[in-house]
Amino acid sequence: MALSSASPPHLTPIHDKLMPKHKKAPSDGTATPITPSLAVQLSYLHHPRPFKNPNYTKNVNRRAKNLKNVLTAQRERERAEREARRLEREEAAKANPNAAAAAGDIPEEAPTYTTIEAPPSLIPHKHLCDITGLEAPYTDPTTGLRFHDKSIYEIVKGLNPSIAKDYLSARGVNSIVK
């Protein structure tokens, strides 16, 4: 790839520095062609870049949104979609009341096995032993620790009050140990 002595208009000023424009003519009157340097020959600066949009301008007013704003917008969008579907079902029920009753659709607000959000359970939770993790029907009156059986109760009686307090704080209880 030989370049002519005149620099093409698409070359950058870097090419002008790498390749001199005029060379002194030899004394015999014949002009020698200017050979570009290896850096100019291997340069990608004069090749087109089809992956770049020439009309792109960066929006300076755009700000990055934090996670809370993104999640709030998503929840609001989902709520609006649910409301639109509910209104469509009501309109369909007004138009044909028999078809809506026959369909037997479960309302979206009703918790099912596939929904994550469900009301709290009405069944009381099981008390677990603070030492073993087994079911704990007993509670030590002095420390407040729950225990599984009498062998664990012997361990609970021998615990230092600060260790008992650590067990209680691990369970989420902040009571004063006597």
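Which residues does UniProt list for "domain: Vps72/YL1 C-terminal"? The unreviewed entry gives residues 127-156. UniProt positions are stated here in the numbering used for this model, feature names are shortened, and annotations may be inferred rather than shown by experiment.

A word on the model before the details. It is predicted, so local features need pLDDT of at least 70 and side-chain atom pairs count only at pLDDT 80 or more, while totals for chains, interfaces and linings use all residues. Residues are numbered from 1 along each chain as its sequence is written, and side-chain values use heavy atoms, with hydrogens and water left out.

Back to the listed span. The end C-alpha atoms of residues 127-156 are 16 Å apart, and the span is 23% helix and 13% strand. Helices (H or I, at least four residues) and strands (E, at least two) are DSSP runs, numbered from the N terminus.

Now the core. The largest nonpolar core has eight residues: Cys-129, Ala-136, Leu-145, Phe-147, Ile-152, Val-156, Ala-164 and Leu-168. Helices α5 (150-157) and α6 each supply at least two residues of this core. By nonpolar core I mean a set of buried Ala, Val, Leu, Ile, Met, Phe, Trp, Tyr and Cys residues joined through side-chain atoms within 4.5 Å. Buried is under 20% relative accessible area, exposed is over 50%, and partly exposed lies in between, with a 1.4 Å probe and protein chains only. In soluble globular proteins, nonpolar side chains tend to be buried together.

Take Val-156 from that list. Leaving aside neighbours within four places in sequence, Val-156 is in contact (heavy atoms within 4.5 Å) with Ile-131, Asp-140, Thr-143, Leu-145 and Phe-147.

Next, Thr-132. This residue sits in the loop between α4 and β1 and is partly exposed, with a relative accessible area of 37%. Not counting residues up to four places away in sequence, Thr-132 touches His-148 and Ile-152. The side chain of Thr-132 also reaches the backbone nitrogen of Leu-134 at 3.3 Å. Thr-132 and Arg-146 are 14 residues apart along the chain, and their C-alpha atoms are separated by 9.8 Å.

On to charge. How many salt bridges does the structure hold? There are five, a salt bridge being a side-chain nitrogen of Lys or Arg within 4 Å of a carboxyl oxygen of Asp or Glu.

One of them joins Asp-130 and Arg-171, at 3.5 Å from N to O. Asp-130 lies in the loop between α4 (97-103) and β1 (138-139) and Arg-171 in helix α6 (residues 161-171), so the pair ties together parts that are 41 residues apart in sequence. Asp-130 counts as buried at 16% relative accessibility, whereas Arg-171, at 27%, counts as partly exposed.

Salt bridges with shared partners also join Glu-83, Arg-86 and Glu-90 into one network. Glu-83 pairs with Arg-86, the closest N and O atoms being 2.2 Å apart. Both lie in helix α3 (residues 67-95), three residues apart, about one turn of the helix. Arg-86 meets Glu-90 at 2.4 Å, N to O. Those two are separated by about one helical turn because they are four residues apart in helix α3. Glu-83 is partly exposed at 30% relative accessibility, as are Arg-86 at 27% and Glu-90 at 35%.

How values were computed. Polar contact = N/O pair within 3.5 Å; in protein donor to acceptor, adjacent residues only side chain to side chain.
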